[in-house]
Amino acid sequence: MTGPIFDTHAHYCARAFDPDRYALLDSLPGKGVVGVCEQATHSGDAPRVLELAHRYPWVYAAIGIHPESLLAPEDCGEEGAAPTVSVYGGDWAAELRTLAPLYEDPKVVAVGECGLDYHWPVPREAQLAMFEAHLRLALELDKPIIVHDRNAHADVYALLDRYRPTGIVHCYSGSAEDALRLAAQGLMIGFGGACTFKGAKRAAKAITALPMESIVLETDCPYMAPEPVRGSRCDSSLIRYVGEYIAQLKGLSPEEVFSITAENARRVYRIPASCGV
């Protein structure tokens with residue numbers, strides 16, 4: 001059995017898991033998975049995220065509003081328009097207020113997934129304002145933040161430097177130099193299947209430069225399955241390929257990588273080692 005695997009970023013509420021969600025989750029501890037942080041992306045999936053967190057003692061929740069939730073209906077994919085637009089008419093501040101009571105749930109260990117995404121046609125001013133609101137909320141609640149950064153490095157890093165939260169920069173795609181600066185601020189750097197892709201040279205440099213104490217593992221499942229299963233539906237057990245790849249880069253055994261990163265995940269999410277599987 002591989003492990004201990006702690007998946008710091010998953011989306012098991014996605015439609016891709018509708019046919020076998022619970023059967024798959026039931027199987028994960030037998031494959032070495034000791035922890036998962038399920039990410040809400042808006043008020044629509046937050047209740048389902050919490051349902052999973054309460055169903056499984058080793059599943060935890062992050063609650064927030066993803067920047068893609070501001071997409072117009074015509075720009076949305078198979079998941080459809082988010083409540084941010086379809087229910088709240090784009091008034092993300094009102095939606096965030098309705099989410100506020102959920103942070104009192106002890107299974108909610110982080111604020112997010114939130115951040116900036118300049119790949120999609122989402123107004124930048126709205127994104128920036130919403131991300132700042134999440135940063136302030138994380139500091140107010142004294143919880144870590146889960147940061148989405150797609151094609152927005154400069155603005156994301158500037159805000160992280162201004163607010164100095166704890167948390168995870170998810171699916172890291174920046175330079176090694178920026179990774180070290182973020183780690184020096186106390187942030188964890190998340191790597192998933194994308195770091196194993198043949199063209200992911202920046203990720204390899206960042207992993208090599210970072211101390212293991214600043215690295216956590218993730219899937220972003222059902223997306224971004226690692227090599228050699230790229231293109232398939234991803235799940236937390238496939239982190240074994242990521243751990244093995246990082247072990248090669250760092251000159252460590254896979255077991256050391258899994259153990260260190262699982263402890264890092266528990267530390268950033270403030271989960272006692274006695275909790276979970």
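**A buried loop residue, then another**

Reply: L28 is buried, because its relative accessible area is 0% (buried is under 20%, exposed over 50%, partly exposed in between, with a 1.4 Å probe and protein chains only). Keep in mind that this is a predicted model: local features need pLDDT of at least 70, side-chain atom pairs count only at pLDDT 80 or more, and totals for chains, interfaces and linings use all residues. Residues are numbered from 1 along each chain as its sequence is written, and side-chain values use heavy atoms, without hydrogens or water.

L28 sits in the loop between α1 (21-27) and β2 (33-39); helices (H or I, at least four residues) and strands (E, at least two) are DSSP runs numbered from the N terminus. Setting aside neighbours within four places in sequence, L28 touches Y12, V33, W58, D235, S236 and S237, where contact means heavy atoms within 4.5 Å. C234 is 206 residues from L28 in sequence, yet 12 Å away C-alpha to C-alpha.

Now for K107, in the loop between α4 (92-99) and β4 (108-117). K107 is buried too but has no salt bridge, with the nearest opposite charge, the D105 side chain, 7.2 Å off. A salt bridge takes a Lys or Arg side-chain nitrogen within 4 Å of an Asp or Glu carboxyl oxygen; Lys and Arg count as positive, Asp and Glu as negative, and His and chain ends aren't counted. The K107 side chain does reach the backbone oxygen of V59, at 2.7 Å. Beyond four places in sequence, its contacts include A53, H54, Y56 and P57.

Technical notes
A polar contact is a pair of N or O atoms within 3.5 Å; within protein, one must be able to donate a hydrogen and the other to accept it, and residues adjacent in sequence count only if both atoms are side-chain atoms.
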